[in-house]
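Subject: Structure for your review

Dear colleague,

Please find below the structure that I am handing over to you. My notes on what was found in it follow directly after.

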Amino acid sequence: MADVKLIGSALSPYVLRAMIALSLKKLEYELMQEKFGEKSELLLKSNPIYKKIPVLIHHDRPICESAVIVEYIDEVWPKSGWGAILPADAYHRSLHRFWTFYIDDKWFPSLVALGKAETEEAKAEAVERVRAGLLLLDEAFVKLSEGKAFFGGDRVAYLDVMFGCFANWIKAAEMLVSVELLDEATMPALHGWAVRFREHEAVKEVMPDSGKVLEFFKILQAKWKKDAADAKN
Amino acid sequence: MAGTATEDVKVLGLALSPFVIRVRIALRLKRVEYEFVEVRFAEPKSEILVKSNPVYKKIPVLLHRGKPICESTVIVQYIDEEWTDGSGSSSILPADPFDRAIARFWAVYIDDKLLALIWALRPEKEAAKVTELTRQFRQVLGLLEEAFPECGKGKGFFGGDAVGYLDIALGSCLGWIRALEKDKSVKILDAEELPRLAEWAERFMAEESVKGLVPEADEYPKLYAAAVASQ
(Lines give C-alpha, C1' and ligand atoms only; values in the text may rest on other atoms or scores of the structure.)
Protein backbone atom coordinates (compact mmCIF):
# COMPACT_ATOMS: atom_id res chain seq x y z
CA MET A 1 0.00 0.00 0.00
CA ALA A 2 1.87 3.06 -1.25
CA ASP A 3 -1.07 4.63 0.56
CA VAL A 4 1.05 4.44 3.71
CA LYS A 5 4.41 6.18 3.88
CA LEU A 6 6.73 6.57 6.81
CA ILE A 7 9.34 9.30 6.84
CA GLY A 8 12.36 8.35 8.91
CA SER A 9 15.13 5.91 9.59
CA ALA A 10 15.16 2.76 11.73
CA LEU A 11 18.15 4.19 13.57
CA SER A 12 15.80 6.62 15.32
CA PRO A 13 14.13 4.73 18.18
CA TYR A 14 11.06 6.93 17.70
CA VAL A 15 10.79 5.93 14.05
CA LEU A 16 11.39 2.33 15.09
CA ARG A 17 8.26 2.50 17.24
CA ALA A 18 6.19 3.20 14.13
CA MET A 19 8.02 0.51 12.16
CA ILE A 20 7.41 -2.09 14.86
CA ALA A 21 3.72 -1.12 15.01
CA LEU A 22 3.41 -1.39 11.21
CA SER A 23 5.25 -4.72 11.33
CA LEU A 24 2.92 -6.02 14.06
CA LYS A 25 -0.03 -5.11 11.85
CA LYS A 26 1.70 -6.73 8.84
CA LEU A 27 1.09 -3.56 6.81
CA GLU A 28 2.97 -2.59 3.69
CA TYR A 29 4.35 0.91 3.49
CA GLU A 30 6.98 2.97 1.75
CA LEU A 31 9.88 4.03 3.95
CA MET A 32 11.04 7.48 2.93
CA GLN A 33 14.54 7.28 4.28
CA GLU A 34 15.84 10.52 5.80
CA LYS A 35 19.56 11.21 5.70
CA PHE A 36 21.10 12.15 9.00
CA GLY A 37 21.90 15.83 9.13
CA GLU A 38 19.54 16.77 6.31
CA LYS A 39 15.81 17.39 6.29
CA SER A 40 13.92 16.53 3.11
CA GLU A 41 11.32 18.79 1.50
CA LEU A 42 8.71 16.18 2.28
CA LEU A 43 9.61 16.19 5.97
CA LEU A 44 9.54 19.97 6.21
CA LYS A 45 6.21 20.06 4.44
CA SER A 46 4.68 17.22 6.49
CA ASN A 47 5.88 18.32 9.91
CA PRO A 48 6.35 22.09 9.68
CA ILE A 49 6.02 22.58 13.42
CA TYR A 50 8.69 20.20 14.70
CA LYS A 51 10.49 19.21 11.47
CA LYS A 52 11.19 15.83 13.09
CA ILE A 53 10.85 12.16 12.24
CA PRO A 54 8.82 9.98 12.35
CA VAL A 55 5.96 11.22 10.21
CA LEU A 56 3.34 8.77 9.02
CA ILE A 57 1.54 9.76 5.83
CA HIS A 58 -1.77 8.00 5.23
CA HIS A 59 -4.05 8.99 2.35
CA ASP A 60 -1.65 11.93 1.86
CA ARG A 61 -2.33 13.22 5.39
CA PRO A 62 0.57 13.50 7.82
CA ILE A 63 0.50 12.28 11.41
CA CYS A 64 3.34 13.38 13.71
CA GLU A 65 4.72 12.32 17.12
CA SER A 66 5.53 8.64 17.65
CA ALA A 67 2.94 8.03 20.41
CA VAL A 68 0.24 9.64 18.30
CA ILE A 69 1.32 7.59 15.27
CA VAL A 70 1.26 4.25 17.08
CA GLU A 71 -2.21 4.91 18.54
CA TYR A 72 -3.38 5.96 15.07
CA ILE A 73 -2.07 2.76 13.50
CA ASP A 74 -3.81 0.72 16.19
CA GLU A 75 -7.11 2.55 15.68
CA VAL A 76 -7.16 2.43 11.88
CA TRP A 77 -6.11 -1.24 11.65
CA PRO A 78 -7.45 -2.73 14.89
CA LYS A 79 -7.48 -6.37 13.87
CA SER A 80 -4.64 -6.62 11.33
CA GLY A 81 -1.64 -8.89 11.77
CA TRP A 82 -0.91 -9.62 15.42
CA GLY A 83 -4.03 -7.71 16.48
CA ALA A 84 -4.55 -4.96 19.05
CA ILE A 85 -1.56 -3.00 20.33
CA LEU A 86 -3.26 -0.93 23.07
CA PRO A 87 -4.50 -3.12 25.96
CA ALA A 88 -8.23 -3.82 26.10
CA ASP A 89 -9.15 -2.16 29.39
CA ALA A 90 -8.87 1.49 30.30
CA TYR A 91 -6.75 0.99 33.42
CA HIS A 92 -4.04 -1.00 31.65
CA ARG A 93 -4.07 1.50 28.80
CA SER A 94 -3.46 4.26 31.34
CA LEU A 95 -0.49 2.40 32.79
CA HIS A 96 1.03 1.73 29.35
CA ARG A 97 0.57 5.42 28.46
CA PHE A 98 1.94 6.64 31.80
CA TRP A 99 5.15 4.61 31.51
CA THR A 100 5.56 5.74 27.89
CA PHE A 101 5.36 9.32 29.15
CA TYR A 102 7.97 8.54 31.81
CA ILE A 103 10.30 6.95 29.24
CA ASP A 104 10.09 9.97 26.94
CA ASP A 105 10.19 12.54 29.75
CA LYS A 106 12.88 11.07 32.01
CA TRP A 107 14.36 7.75 30.98
CA PHE A 108 15.52 8.24 27.41
CA PRO A 109 16.90 11.69 28.22
CA SER A 110 18.97 9.99 30.95
CA LEU A 111 20.39 7.63 28.30
CA VAL A 112 21.19 10.60 26.07
CA ALA A 113 22.86 12.29 29.06
CA LEU A 114 25.05 9.20 29.36
CA GLY A 115 26.10 9.67 25.75
CA LYS A 116 26.90 13.32 26.41
CA ALA A 117 28.83 12.76 29.65
CA GLU A 118 32.45 13.77 29.21
CA THR A 119 34.12 13.08 32.56
CA GLU A 120 34.31 9.72 34.37
CA GLU A 121 32.34 11.26 37.24
CA ALA A 122 29.59 12.48 34.93
CA LYS A 123 29.46 9.07 33.26
CA ALA A 124 29.11 7.27 36.60
CA GLU A 125 26.30 9.60 37.67
CA ALA A 126 24.56 9.12 34.33
CA VAL A 127 24.87 5.34 34.59
CA GLU A 128 23.21 5.42 38.01
CA ARG A 129 20.32 7.46 36.69
CA VAL A 130 19.76 5.16 33.72
CA ARG A 131 19.85 2.11 35.97
CA ALA A 132 17.48 3.69 38.51
CA GLY A 133 14.99 4.23 35.69
CA LEU A 134 15.43 0.67 34.47
CA LEU A 135 14.72 -0.60 37.99
CA LEU A 136 11.42 1.31 37.99
CA LEU A 137 10.58 -0.18 34.61
CA ASP A 138 11.57 -3.64 35.86
CA GLU A 139 9.10 -3.22 38.72
CA ALA A 140 6.43 -2.03 36.30
CA PHE A 141 7.12 -5.01 34.08
CA VAL A 142 6.64 -7.49 36.92
CA LYS A 143 3.28 -5.88 37.76
CA LEU A 144 2.00 -5.53 34.21
CA SER A 145 3.20 -8.84 32.78
CA GLU A 146 1.67 -10.87 35.65
CA GLY A 147 4.27 -13.57 35.10
CA LYS A 148 3.84 -13.63 31.33
CA ALA A 149 6.22 -12.78 28.51
CA PHE A 150 5.48 -9.13 27.73
CA PHE A 151 4.17 -5.88 29.23
CA GLY A 152 0.98 -6.83 27.44
CA GLY A 153 0.93 -10.29 29.02
CA ASP A 154 0.93 -13.01 26.41
CA ARG A 155 1.07 -10.51 23.57
CA VAL A 156 3.29 -7.62 22.58
CA ALA A 157 1.38 -4.47 23.50
CA TYR A 158 1.82 -0.69 23.49
CA LEU A 159 4.44 -0.38 26.23
CA ASP A 160 6.44 -3.27 24.76
CA VAL A 161 6.66 -1.24 21.52
CA MET A 162 7.23 2.17 23.13
CA PHE A 163 10.03 0.88 25.39
CA GLY A 164 11.27 -2.05 23.32
CA CYS A 165 12.42 0.33 20.57
CA PHE A 166 15.31 1.15 22.90
CA ALA A 167 16.38 -2.48 23.43
CA ASN A 168 19.43 -2.21 21.19
CA TRP A 169 20.09 1.38 22.27
CA ILE A 170 20.61 -0.02 25.77
CA LYS A 171 23.02 -2.61 24.35
CA ALA A 172 24.84 0.04 22.34
CA ALA A 173 25.15 2.29 25.40
CA GLU A 174 26.54 -0.65 27.38
CA MET A 175 29.20 -1.18 24.69
CA LEU A 176 29.91 2.54 24.59
CA VAL A 177 30.66 2.92 28.30
CA SER A 178 31.61 -0.71 29.05
CA VAL A 179 29.09 -0.88 31.88
CA GLU A 180 26.10 -3.18 32.21
CA LEU A 181 22.88 -1.20 32.35
CA LEU A 182 20.10 -3.77 31.98
CA ASP A 183 21.82 -6.53 33.92
CA GLU A 184 20.36 -9.94 34.54
CA ALA A 185 21.41 -10.06 38.20
CA THR A 186 19.49 -7.04 39.47
CA MET A 187 16.75 -6.86 36.80
CA PRO A 188 16.11 -10.46 35.72
CA ALA A 189 12.52 -9.92 34.67
CA LEU A 190 13.21 -6.90 32.46
CA HIS A 191 16.36 -8.51 31.11
CA GLY A 192 14.38 -11.58 30.05
CA TRP A 193 11.74 -9.37 28.45
CA ALA A 194 14.35 -7.54 26.36
CA VAL A 195 15.71 -10.82 25.01
CA ARG A 196 12.21 -12.02 24.11
CA PHE A 197 11.21 -8.71 22.56
CA ARG A 198 14.25 -8.61 20.28
CA GLU A 199 13.43 -12.15 19.14
CA HIS A 200 9.77 -11.45 18.32
CA GLU A 201 9.06 -12.07 14.63
CA ALA A 202 7.62 -8.62 14.04
CA VAL A 203 10.49 -6.90 15.83
CA LYS A 204 13.39 -8.89 14.35
CA GLU A 205 12.31 -7.78 10.91
CA VAL A 206 12.83 -4.09 11.58
CA MET A 207 15.14 -3.58 14.57
CA PRO A 208 18.68 -2.56 13.60
CA ASP A 209 21.35 -4.60 15.39
CA SER A 210 23.23 -3.05 18.28
CA GLY A 211 26.40 -2.73 16.21
CA LYS A 212 24.66 -0.36 13.80
CA VAL A 213 23.05 1.52 16.68
CA LEU A 214 26.47 1.88 18.34
CA GLU A 215 27.90 3.34 15.12
CA PHE A 216 25.05 5.85 15.02
CA PHE A 217 25.36 6.62 18.74
CA LYS A 218 29.03 7.51 18.14
CA ILE A 219 28.06 9.81 15.27
CA LEU A 220 25.54 11.49 17.57
CA GLN A 221 28.16 11.80 20.32
CA ALA A 222 30.50 13.58 17.92
CA LYS A 223 27.68 15.92 16.92
CA TRP A 224 26.80 16.67 20.54
CA LYS A 225 30.42 17.38 21.36
CA LYS A 226 30.69 19.75 18.41
CA ASP A 227 27.40 21.49 19.30
CA ALA A 228 28.58 21.95 22.89
CA ALA A 229 31.92 23.38 21.72
CA ASP A 230 30.20 25.70 19.22
CA ALA A 231 27.85 26.92 21.94
CA LYS A 232 30.85 27.92 24.06
CA ASN A 233 32.32 30.07 21.26
CA MET B 1 -23.55 7.51 33.93
CA ALA B 2 -23.29 9.27 37.28
CA GLY B 3 -20.71 8.10 39.73
CA THR B 4 -21.94 6.62 42.98
CA ALA B 5 -20.26 6.17 46.34
CA THR B 6 -19.19 2.71 45.22
CA GLU B 7 -17.44 4.17 42.20
CA ASP B 8 -15.03 5.81 44.62
CA VAL B 9 -13.50 8.55 42.50
CA LYS B 10 -11.02 10.99 44.00
CA VAL B 11 -8.97 13.74 42.39
CA LEU B 12 -5.81 14.83 44.18
CA GLY B 13 -4.87 18.35 43.23
CA LEU B 14 -5.01 22.11 43.63
CA ALA B 15 -7.54 24.47 42.03
CA LEU B 16 -5.00 26.59 40.16
CA SER B 17 -3.26 23.79 38.28
CA PRO B 18 -4.26 23.65 34.61
CA PHE B 19 -3.50 19.94 34.65
CA VAL B 20 -5.94 19.40 37.52
CA ILE B 21 -8.58 21.57 35.81
CA ARG B 22 -8.39 19.26 32.77
CA VAL B 23 -9.33 16.26 34.87
CA ARG B 24 -12.20 18.06 36.61
CA ILE B 25 -13.69 19.26 33.31
CA ALA B 26 -13.48 15.74 31.90
CA LEU B 27 -15.25 14.27 34.95
CA ARG B 28 -17.97 16.96 34.68
CA LEU B 29 -18.48 16.13 31.00
CA LYS B 30 -19.05 12.51 31.93
CA ARG B 31 -21.20 13.52 34.92
CA VAL B 32 -18.99 11.54 37.27
CA GLU B 33 -19.12 12.55 40.91
CA TYR B 34 -15.84 12.67 42.75
CA GLU B 35 -14.14 13.88 45.88
CA PHE B 36 -11.70 16.72 45.33
CA VAL B 37 -8.80 16.29 47.72
CA GLU B 38 -6.60 19.35 48.03
CA VAL B 39 -3.06 18.21 48.67
CA ARG B 40 0.20 19.79 49.75
CA PHE B 41 2.29 20.15 46.64
CA ALA B 42 5.19 22.02 48.24
CA GLU B 43 7.49 20.07 50.56
CA PRO B 44 6.60 18.22 52.63
CA LYS B 45 4.15 16.81 50.10
CA SER B 46 0.93 15.14 51.22
CA GLU B 47 1.43 11.48 52.02
CA ILE B 48 -1.44 10.42 49.81
CA LEU B 49 0.20 12.23 46.87
CA VAL B 50 3.58 10.60 47.40
CA LYS B 51 1.97 7.19 47.80
CA SER B 52 -0.26 7.52 44.72
CA ASN B 53 2.35 9.04 42.41
CA PRO B 54 5.72 7.83 43.67
CA VAL B 55 7.43 8.38 40.32
CA TYR B 56 6.65 12.09 39.93
CA LYS B 57 4.90 13.15 43.18
CA LYS B 58 2.86 15.56 41.06
CA ILE B 59 -0.76 16.55 40.66
CA PRO B 60 -3.25 15.63 39.35
CA VAL B 61 -3.77 12.04 40.41
CA LEU B 62 -7.07 10.32 39.75
CA LEU B 63 -7.89 7.55 42.19
CA HIS B 64 -10.54 5.17 40.93
CA ARG B 65 -11.48 2.32 43.26
CA GLY B 66 -8.20 2.98 44.99
CA LYS B 67 -6.07 2.66 41.83
CA PRO B 68 -4.04 5.72 40.86
CA ILE B 69 -3.81 7.16 37.36
CA CYS B 70 -1.23 9.90 36.75
CA GLU B 71 -0.46 12.50 34.04
CA SER B 72 -3.32 14.75 32.97
CA THR B 73 -3.57 13.61 29.35
CA VAL B 74 -3.41 9.96 30.43
CA ILE B 75 -6.14 10.65 33.01
CA VAL B 76 -8.43 12.45 30.55
CA GLN B 77 -8.14 9.56 28.11
CA TYR B 78 -8.83 7.12 30.96
CA ILE B 79 -11.96 9.07 31.90
CA ASP B 80 -13.06 9.05 28.26
CA GLU B 81 -12.54 5.30 27.93
CA GLU B 82 -13.81 4.21 31.35
CA TRP B 83 -17.07 6.17 31.43
CA THR B 84 -18.61 5.59 28.09
CA ASP B 85 -22.27 5.18 27.34
CA GLY B 86 -21.37 3.19 24.25
CA SER B 87 -23.02 5.50 21.77
CA GLY B 88 -20.00 7.83 21.69
CA SER B 89 -22.22 10.82 22.31
CA SER B 90 -20.34 11.97 25.38
CA SER B 91 -16.98 11.22 23.84
CA ILE B 92 -14.12 13.55 24.73
CA LEU B 93 -11.79 12.45 21.94
CA PRO B 94 -13.17 12.66 18.39
CA ALA B 95 -14.51 9.50 16.78
CA ASP B 96 -12.36 9.51 13.64
CA PRO B 97 -8.76 8.24 14.08
CA PHE B 98 -7.25 11.06 12.03
CA ASP B 99 -9.14 13.70 14.02
CA ARG B 100 -7.96 11.97 17.21
CA ALA B 101 -4.38 12.10 15.97
CA ILE B 102 -4.68 15.83 15.26
CA ALA B 103 -6.21 16.51 18.69
CA ARG B 104 -3.49 14.46 20.40
CA PHE B 105 -0.75 16.17 18.43
CA TRP B 106 -1.90 19.65 19.44
CA ALA B 107 -2.22 18.55 23.08
CA VAL B 108 1.42 17.39 22.94
CA TYR B 109 2.36 20.76 21.44
CA ILE B 110 0.47 22.68 24.14
CA ASP B 111 2.20 20.75 26.91
CA ASP B 112 5.54 21.17 25.20
CA LYS B 113 5.43 24.90 24.38
CA LEU B 114 2.55 26.67 26.13
CA LEU B 115 3.00 25.41 29.65
CA ALA B 116 6.73 26.17 29.50
CA LEU B 117 5.86 29.76 28.55
CA ILE B 118 3.43 30.10 31.47
CA TRP B 119 6.08 28.98 33.95
CA ALA B 120 8.73 31.21 32.35
CA LEU B 121 6.53 34.31 32.25
CA ARG B 122 5.14 34.02 35.77
CA PRO B 123 8.26 35.08 37.67
CA GLU B 124 9.70 37.34 34.96
CA LYS B 125 10.10 40.96 35.95
CA GLU B 126 12.43 42.35 33.29
CA ALA B 127 10.37 44.28 30.71
CA ALA B 128 12.31 43.16 27.64
CA LYS B 129 12.05 39.50 28.63
CA VAL B 130 8.32 39.87 29.36
CA THR B 131 7.84 41.35 25.88
CA GLU B 132 9.80 38.52 24.27
CA LEU B 133 7.94 35.79 26.17
CA THR B 134 4.59 37.43 25.33
CA ARG B 135 5.60 37.46 21.66
CA GLN B 136 6.47 33.73 21.80
CA PHE B 137 3.19 33.07 23.57
CA ARG B 138 1.22 34.78 20.80
CA GLN B 139 3.17 32.87 18.16
CA VAL B 140 2.25 29.54 19.79
CA LEU B 141 -1.40 30.57 20.08
CA GLY B 142 -1.25 31.75 16.48
CA LEU B 143 -0.68 28.18 15.33
CA LEU B 144 -3.72 27.03 17.31
CA GLU B 145 -5.73 29.92 15.84
CA GLU B 146 -4.84 28.57 12.38
CA ALA B 147 -5.65 24.99 13.34
CA PHE B 148 -9.05 25.88 14.82
CA PRO B 149 -11.20 25.75 11.63
CA GLU B 150 -9.80 22.36 10.56
CA CYS B 151 -10.17 20.83 14.02
CA GLY B 152 -13.61 22.23 14.78
CA LYS B 153 -14.87 21.77 11.23
CA GLY B 154 -16.50 25.18 11.34
CA LYS B 155 -18.20 24.63 14.68
CA GLY B 156 -17.73 26.37 18.01
CA PHE B 157 -15.10 24.20 19.65
CA PHE B 158 -11.93 22.38 18.66
CA GLY B 159 -14.01 19.27 19.28
CA GLY B 160 -16.79 20.48 16.97
CA ASP B 161 -20.22 21.02 18.56
CA ALA B 162 -19.06 20.13 22.03
CA VAL B 163 -16.03 20.63 24.24
CA GLY B 164 -13.46 17.97 23.43
CA TYR B 165 -9.94 16.83 24.22
CA LEU B 166 -8.12 19.75 22.66
CA ASP B 167 -10.57 22.32 24.09
CA ILE B 168 -9.78 20.89 27.51
CA ALA B 169 -6.02 20.85 26.91
CA LEU B 170 -5.95 24.51 25.88
CA GLY B 171 -8.89 25.86 27.86
CA SER B 172 -7.43 24.66 31.14
CA CYS B 173 -4.63 27.19 30.59
CA LEU B 174 -6.96 30.20 30.19
CA GLY B 175 -6.96 31.03 33.89
CA TRP B 176 -3.17 31.37 33.94
CA ILE B 177 -3.16 33.28 30.64
CA ARG B 178 -5.62 35.83 32.01
CA ALA B 179 -3.76 36.01 35.34
CA LEU B 180 -0.49 36.72 33.53
CA GLU B 181 -2.12 39.33 31.27
CA LYS B 182 -3.28 41.13 34.39
CA ASP B 183 -0.11 40.72 36.41
CA LYS B 184 2.30 41.72 33.61
CA SER B 185 -0.04 44.21 31.89
CA VAL B 186 0.29 42.47 28.55
CA LYS B 187 -2.10 41.11 25.94
CA ILE B 188 -1.59 37.45 25.17
CA LEU B 189 -4.94 36.27 23.84
CA ASP B 190 -5.33 39.40 21.74
CA ALA B 191 -8.79 39.47 20.12
CA GLU B 192 -7.45 41.40 17.13
CA GLU B 193 -4.59 39.01 16.44
CA LEU B 194 -6.40 35.84 17.51
CA PRO B 195 -10.12 36.46 16.81
CA ARG B 196 -11.18 32.81 16.62
CA LEU B 197 -9.41 31.88 19.84
CA ALA B 198 -10.74 34.94 21.65
CA GLU B 199 -14.32 33.99 20.76
CA TRP B 200 -13.66 30.34 21.53
CA ALA B 201 -12.29 31.31 24.95
CA GLU B 202 -15.53 33.16 25.83
CA ARG B 203 -17.58 30.18 24.70
CA PHE B 204 -15.40 27.76 26.61
CA MET B 205 -15.51 29.67 29.89
CA ALA B 206 -19.33 29.87 29.64
CA GLU B 207 -19.75 26.10 29.33
CA GLU B 208 -21.50 24.23 32.14
CA SER B 209 -18.68 21.72 32.29
CA VAL B 210 -16.16 24.53 32.86
CA LYS B 211 -17.96 27.08 35.05
CA GLY B 212 -16.33 27.54 38.40
CA LEU B 213 -13.38 25.29 37.66
CA VAL B 214 -11.08 27.96 36.24
CA PRO B 215 -10.16 30.49 38.94
CA GLU B 216 -10.54 34.22 38.25
CA ALA B 217 -7.41 36.08 37.14
CA ASP B 218 -7.02 37.98 40.41
CA GLU B 219 -7.21 34.78 42.46
CA TYR B 220 -3.99 33.39 41.02
CA PRO B 221 -1.40 35.31 43.06
CA LYS B 222 -3.01 34.16 46.32
CA LEU B 223 -3.53 30.58 45.09
CA TYR B 224 0.04 30.39 43.85
CA ALA B 225 1.50 31.73 47.09
CA ALA B 226 -0.50 29.15 49.05
CA ALA B 227 0.62 26.36 46.71
CA VAL B 228 4.33 27.03 47.08
CA ALA B 229 4.37 28.02 50.74
CA SER B 230 6.60 25.81 52.83
CA GLN B 231 5.26 24.61 56.16
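A pocket, as the word is used here, is an open set of grid points with protein on both sides within 12 Å along at least five of seven lines, and its lining residues have an atom within 4 Å of a point. Please bear in mind throughout that this is a predicted model.

The second largest pocket

With that definition, the second largest pocket has a lining of 18 residues. Those nearest its centre are A:Leu95, A:Trp99, A:Lys143, B:Pro54 and B:Pro68. The space in this pocket amounts to about 460 Å³. Which elements supply at least two residues each to the lining? On chain A they are H4 and helix H5 (120–145), and on chain B they are helix H2 (47–52) and strand E4 (67–70). Sorted by class, the lining of the second largest pocket holds 11 nonpolar, 3 polar and 4 charged residues.

The contact between the chains

Chain A contributes 24 residues to the contact and chain B contributes 25 residues. Between them the two chains bury about 2,200 Å², and 71% of this lies on carbon and sulfur atoms. On the side of chain A, the residues that lose the most area to chain B are A:Tyr50, A:Tyr91 and A:Phe98, which together account for 26% of what that side buries.

There are 5 salt bridges between chain A and chain B. One of the pairs joined in this way is A:Arg93 with B:Glu81, whose side chains meet at 3.1 Å, N to O. Strand E4 (61–64), helix H3 (66–76) and helix H4 (90–116) of chain A each give two or more residues to the side that touches chain B. The largest share of that side, 11 residues, comes from H4(A). Its composition by class is 15 nonpolar, 1 polar and 8 charged residues.

The cavity in chain B

The count of cavities of 30 Å³ or more comes to 1, and the largest cavity has a volume of about 30 Å³. Its lining is made up of B:Arg22, B:Thr73, B:Val76, B:Ala107, B:Tyr165, B:Ile168 and B:Ala169. Helix H3 (72–82) and helix H6 (165–171) of chain B each supply at least two of the lining residues, and H6(B) gives the largest share with 3 residues. By class, the lining of the largest cavity divides into 5 nonpolar, 1 polar and 1 charged.

Backbone features

Most residues other than glycine have a negative phi, and most peptide bonds are trans. In chain A, the peptide bond from A:Ile53 to A:Pro54 is cis, with omega near 5 degrees; A:Pro54 sits in the loop between helix H2 (41–46) and strand E3 (55–58). In chain B, the bond from B:Ile59 to B:Pro60 is likewise cis, with omega near 0 degrees, and B:Pro60 belongs to the loop between H2 and strand E3 (61–64) of that chain. A:His59, although not a glycine, has a positive phi of about 50 degrees, and A:His59 is located in the loop between E3 and E4 of chain A.

Finally, B:Ala217 lies in the loop between helix H8 (195–206) and helix H9 (220–228) of chain B. Its C-alpha atom is separated by 5.4 Å from that of B:Arg178, 39 residues apart along the chain. Neighbours within four places in sequence aside, B:Ala217 is in contact with B:Arg178, B:Ala179 and B:Lys182.

With kind regards

Key. Residues numbered from 1 in each chain as written. Chains lettered and ligands numbered in written order. Predicted model: local features only at pLDDT ≥ 70, side-chain atom pairs only at ≥ 80, totals over all residues. Heavy atoms only, no water. Contact = heavy atoms within 4.5 Å. Buried area = accessible area lost by both parts, 1.4 Å probe. Salt bridge = Lys/Arg side-chain N within 4 Å of Asp/Glu carboxyl O. Helix = DSSP H or I, 4+ residues; strand = E, 2+ residues; numbered from the N terminus. Nonpolar A, V, L, I, M, F, W, Y, C, P; charged D, E, K, R; others polar. 1 Å grid on protein atoms, 1.4 Å probe; cavity = no way out; pocket = protein on both sides within 12 Å on 5 of 7 lines; lining within 4 Å. Points joined across faces, edges and corners; volume = space filled by probe spheres on them.
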